[in-house]
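Here are my notes on the model, written up as numbered points. Have the structure open while you go through them.

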Amino acid sequence: MQKSAILVLLLWWISGTLGESCEGKCRQSSGSCSCRPTCASLDNCCPDYRQFCVEFSPQSGSILGGTDFVLLHATFNQSSQILCKFVDNIRTKGYVDSNQRAHCVSPLLYQTGWIPVEVSSNYGITFNRAGSWLAVHTGKLDSKFKAVLVNSTKWQYYGTPGVGGALQVTWNTSLVQAKRVNIELWGYREIGKPYSEQWRAEWRYLYSLATDSGNTGSYTFVPQPSAKFSSWELGALRISSSANPNGLVNVEAAWTEDHALAWHLDQKFRNDSGAWALDKCLAWDMLENDLPNFLDEIIDCPCTLAQARADTGRFHTDYGCDMEKGSVCTYHPGSIHCVRAVQASPTYRAGQQCCYDSSGAQVLTADSIGGSTPDRAHDWGSPPYRDPPRVPGQSHWVYDVLSFYYCCLWSDNCHYYFKHRPSSDCRRYQPPASAVVFGDPHFITFDGVRYSFNGKGEYTLLTSRGKHLTIQGRTEPVNENATKLSSVVMREARSDIIEVRLVPGDSNLQVLQNFKRLLFNEQSWMDLGGVFVFSPSGANVTVMFPSGAGVEVRLRGPAVTATVLLPEEFHNSTRGLLGNFNGVAGDDLLPAHGGLAAGANNAEEVFNFGASWAVSNTSALFTYDSKYLLDTFYNSPRHDPDFIPAFSVPDNPNDPLYNIASDICSGDDSLFCRYDILVGRSSELGKATKASLAGHISLVGDLKPVISCGWLAPPTNGKKEGTTYLQGATVRLLCHDGFTLQGPAQRTCQADGTWSAGGDTVCVPNSPTSNNTAVIAGSVVGVLLGVALITTGLVLWTKKRSRRSTGMNVNL
């Protein structure tokens, strides 16, 4: 240990005297050596690079803080006094372990994403080490990194009729390195006038449920009503070492997710939770009446579940209602899947939520409590975060979720909630256009033009000056006759540069942010600078930009497939290998420097067109972190003029792959597949190409525009059958008992987006006259019958008497 420390000190001294130190120069060059992230693979780092440009393990943790993380590679003396500085000069005390490694503790933050960290070993005199820490939304944090509320539904309904008893919280004991722990309740609130400069977010320690308790990984208690702190209705539990005073901020801890504090509310709630909640609901209703209307600026929902799942640039799965993970959709009964708009609205930073039933139709709150609801505060927050209503998770709880508890879950007054949070339908929704590059490589433009371009080099897939979006692709040889897409890099305006690439020997796609590799082994979602990245597996990466543009990169067999999704705002503003998105196929293959469009069926014209879109040294966004990449692309022509591919598919029945291609590739779309097998010499590549093409065709079908006529109200004093409002759908209209239907009994959604004509349908009360007609008629008949019987009786009595008077004897 002493020898290694002496060696490190010697390297520091040598590099310092030569002026080639990374101290204070991370992401820069320092003379003949580098302090950039690429230096490790290029083997040109300054000797002290690892000491000053530090990495952490784990690299991420809860936005609420408390995660103990170690500085990798750097070594320290036991006498070092570690202090870590985060954004806004938030400082936490660290320590050096027995292996001479420094540790920091993440602080309580009000923002997600990568947070810059500076580390001092002399307790703040100098901060000469730099790195980044990933703060994660509590709902997106892996459960192994947080404490868990056992039966969370019981926690949040506690005190309502029939819900009581003991509650339990569990945690991984390794998250708190102590034998004895405190169990604390922390509360969250937002104070100040909404939408003013005084609007602030606040987390505060309230009280401890237990002190000096054993760190067993579990705690069970029977909650008691709180009088002093019952005004705090949202919060989380924190488990931390008993060596710390109660409520000490920014210490190692395990946090639960934030949740509604039903279990801690005052006795009035337990005495009559419905009445208590109604009062809160009415107060919220009054508040909403005074707040700005955000509904007009949020994006409309997709019309169908298929559209919602396909529009990955603008919508992402809502973790609380995810059909892929078997979510029961607690807050949306009747729905099977919900999505949220990725981006917050422009002015009020509001969010949109869209839910769908098993038929794929959108569920609206006008029809069901399980319908889609917009949000005054986006659940995932909004950059630059920190202040309401941008605080990830918590702002959404305060303005959209607690009110749902008040009005819908703790009382039966949902009409107040839905008055302010009505579902938006999809009449204004316009699905995005899609283009794709895949296989060997083959292209389908936004306007549907299909062609193949097998140049070797780096090319502009798409450029849009109006939206400042650039997407570039790198192609590498499959053999001497064909190439494949191996890397896609992109940037919008001043966002981080995101590259997704295939690396030889790695079975997963690599993702780089500003030339530094990102690891998704701890979290699948990352909030980055001007861009979001989602990677649920090593073979799937989705990149989402503020404009609504999305890029899906998939590892299909030995090649990369890249799908680009563009909203309507990009119409007539794109150029590049993916064409001009304007609905006109004839101008898609325009060369970069002007001229006539190439014919998609003329392979040599297409090759020259593709070559014209080679990137320049000044515009290239790629990361060059190996000698191969430097030699092959950076220090060579971006389009290799010496690489001439095969321009057609050979037709040789004697080829050993000929019958294999015939078996795998079938139908009208077999040309691309046959090329990749017979020219690319790979049946695996052919299968991947076939799958990619089928996937794109399916995507185009899912994104097909749909006509919606909008929600149709049932008649007053009546009801309706049918809650689908898309073209061709029919809704039946009926009346309650005691009412008569006037107008059409059913309406059909027509191709022009209107309901079928025929006048309004109304339910009118049955008239008193019509109600009494039968009674009156019955009474008249009865009277007449009675008169007839009496008359008949008198006639018979008269005749009988007459006979008796004449001596006639009658036997009846």
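1. Let's start with helix H10, whose buried residues pack against S25 and S26; contact here means heavy atoms within 4.5 Å. H10 covers residues 603-612, and its buried positions are Val606, Phe607, Phe609, Gly610 and Ser612. Buried means under 20% relative accessible area, exposed means over 50%, and partly exposed is in between, with a 1.4 Å probe and protein chains only. Helices (H or I, at least four residues) and strands (E, at least two) are DSSP runs numbered from the N terminus.

2. A word on provenance: this is a predicted model, local features need pLDDT of at least 70, side-chain atom pairs count only at pLDDT 80 or more, and totals for chains, interfaces and linings use all residues. Residues are numbered from 1 along each chain as its sequence is written, and side-chain values use heavy atoms, with hydrogens and water left out.

3. On to the salt bridges, defined as a side-chain nitrogen of Lys or Arg within 4 Å of a carboxyl oxygen of Asp or Glu. Searching the whole structure turns up 34 salt bridges. One of them joins Arg309 to Glu324, with the closest N and O atoms 2.3 Å apart. That pair links distant parts of the chain, 15 residues apart: Arg309 is in helix H7 (residues 305-310), and Glu324 is in the loop between strand S20 (315-317) and strand S21 (337-341). Arg309 is partly exposed at 37% relative accessible area, while Glu324 is exposed at 55%.

4. Next, what does Arg450 form with Asp669? A salt bridge, with 2.9 Å between the closest N and O atoms. Here the two ends are 219 residues apart, Arg450 being in strand S25 (residues 450-452) and Asp669 in the loop between helix H12 (658-664) and helix H13 (671-678). Both count as partly exposed: Arg450 has a relative accessible area of 35%, and Asp669 comes in at 34%.

5. Lys456 and Asp640 also meet through their side chains in a salt bridge, at 3.3 Å from N to O. Lys456 sits in the loop between S25 and strand S26 (457-464), and Asp640 in the loop between helix H11 (627-634) and H12, so to speak 184 residues down the chain. This pair is buried at both ends, with relative accessible areas of 17% for Lys456 and 18% for Asp640.

6. There is also a salt-bridge network to look at, linking Glu288, Arg376, Asp400 and Arg421.

7. Now the rings. Rings of Phe, Tyr and Trp (its six-membered ring) pair if their centres lie within 6.5 Å; planes under 30 degrees apart count as stacked, over 60 as edge-to-face and the rest as tilted. That rule gives 42 aromatic pairs. Phe69 and Phe86 make an edge-to-face one, 6.4 Å centre to centre with 85 degrees between the planes. Phe69 lies in strand S5 (residues 68-72) and Phe86 in the loop between strand S6 (83-85) and strand S7 (91-93), so the pair ties together parts that are 17 residues apart in sequence. Phe69 is buried, at 0% relative accessible area, and Phe86 is buried too, at 4%.

8. Ring pairs link Tyr157, Phe269, Trp276, Trp284, Tyr331, Trp397, Phe404, Tyr405, Tyr406, Trp410, Tyr417 and Phe418 into it.

9. Two charges sit over rings, by the test that NZ of Lys or CZ of Arg is within 6 Å of the ring centre and within 35 degrees of the ring normal. Lys85 lies over the face of Phe127, 4.5 Å from the ring centre. Arg674 does likewise over Tyr658, at 5.4 Å.

10. For the sheet, the rule is that two strands pair if DSSP finds at least two bridges between them. Four strands make an open sheet in the order S3-S5-S9-S8, with antiparallel pairing. Strand S3 (55-57) and strand S8 (95-96) are at the edges with a single partner strand each, so one side of each is left without a neighbour in the sheet. S8 pairs with strand S9 (residues 102-105) in the antiparallel sense over two bridges, and Val96 stands opposite Ala102 in S9.

11. Last one: Ser21, in the loop between helix H1 (2-17) and strand S1 (29-30). Is Ser21 buried or exposed? At 12% relative accessibility, Ser21 counts as buried. Its side chain makes a polar contact with the side chain of Asp48 at 2.5 Å, and the side chain of Ser21 also reaches the backbone nitrogen of Glu23 at 3.1 Å. A polar contact is a pair of N or O atoms within 3.5 Å; within protein, one must be able to donate a hydrogen and the other to accept it, and residues adjacent in sequence count only if both atoms are side-chain atoms.
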